[in-house]
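Please keep the structure in view while reading.

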Amino acid sequence: MTANILLVGLGGIGSNLLELVAPALSRCGLKAIVSIMDDDLVDESNLGHQRFSKKDIGSTKVSALAKRLNLLPNVSIQPIEEKLTNMSQLDDYDFIIVAVDRMAPRQLVHNTRSQWLDLRCQGDGYIVLDNSTEPDIITMIPGNENATSCQIEGAYEFQNIEFGFSICATIGAQWLLQKIRQFHGYETKAPSFQMGSITNGELRLSGVTH
């Protein structure tokens with residue numbers, strides 16, 4: 001039995017998540033097809049916090065990662081060089097992870113019948129939502145219509161890369177591996193809603209306990 005997965009967004013969160021989970025799935029013998037969706041090209045500004053090198057500059061992010069990770073046994077990486085813009089692109093996946101910087105694609109994923117995970121970060125802060133998160137909590141999380149980097153404005157000028165993206169990637173890899181284990185009949189628990197700062201610890205929404 002092969003799990004069918006979609007990862008939307010191959011920036012700081014998505015590229016690091018894929019680099020974590022693909023070798024783990026391969027080593028554990030958990031067969032998976034991982035489709036990766038992004039239409040961005042690798043740019044020099046991506047280096048330092050995304051899983052690309054200078055030789056990848058000018059290539060699409062999905063092709064660079066697929067080329068490197070398709071050498072692994074048990075895991076097939078399928079590049080999709082496009083943006084997520086409509087529900088038809090989300091058909092037939094068991095699990096969907098969205099790691100993008102805008103609300104519109106996130107909302108499409110939230111409306112699917114698949115099990116989904118929504119990962120967000122900026123600076124050293126991070127937010128994790130999934131299909132088990134209470135709708136009231138989701139509506140309390142502020143969104144953004146314009147694209148925002150996972151690094152705060154002026155980060156490179158002030159020589160300050162922050163690692164909220166890495167926390168998100170690690171939580172996402174844990175979530176996906178445990179969800180695939182459930183898919184194969186194991187009794188296990190996956191991460192769920194959480195929000196925090198690497199520096200300041202867990203953050204809570206007013207009136208919400210979890």
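## Basis of the report

The model is predicted: local features need pLDDT of at least 70, side-chain atom pairs count only at pLDDT 80 or more, and totals for chains, interfaces and linings use all residues. Residues are numbered from 1 along each chain as its sequence is written, and side-chain values use heavy atoms, with hydrogens and water left out.

## The sheet

Eight strands form an open sheet in the order β3-β2-β1-β4-β5-β6-β7-β8, with mixed pairing. Strands (E, at least two residues) and helices (H or I, at least four) are DSSP runs numbered from the N terminus, and two strands pair if DSSP finds at least two bridges between them. β3 and β8 (201-202) each have a single partner strand, so they stand at the edges, with one side of each left without a neighbour in the sheet.

Strands β2 (residues 32-37) and β3 (residues 75-80) run parallel and are joined by six bridges; I33 has S76 in β3 as its bridge partner. Between them the chain passes through helix α2 (residues 61-69), in a right-handed β-α-β crossover (with the strands pointing away from the viewer, the path from the first strand over the helix to the second runs clockwise). By contrast, β6 (residues 125-130) and β7 (residues 194-197) run antiparallel and are joined by four bridges, where V128 has Q194 in β7 as its bridge partner.

## Helix α1 and its partners

The axes of α1 (residues 12-28) and α5 (residues 164-183) come within 8 Å and cross at roughly 40°. Axes are lines fitted to C-alpha atoms, for helices over the stretch in contact, and angles run from 0 to 180 degrees between N-to-C directions. α1 and α5 are therefore oblique to each other (angles under 35 degrees count as roughly parallel, over 145 as roughly antiparallel, 65 to 115 as roughly perpendicular and the rest as oblique).

α1 and α2 pack at about 15°, with their axes 12 Å apart, and are therefore roughly parallel to each other. Their contact (heavy atoms within 4.5 Å) is made by S15, L18, E19 and A22 of α1 and L65, R68 and L69 of α2.

## Helices across the sheet

Helix α5 lies across β1 (3-8), β4, β5, β6 and β7, running at about 170° to β5. Helix α3 (residues 103-110) lies across β4 (95-98) and β5 (115-122), running at about 155° to β5.
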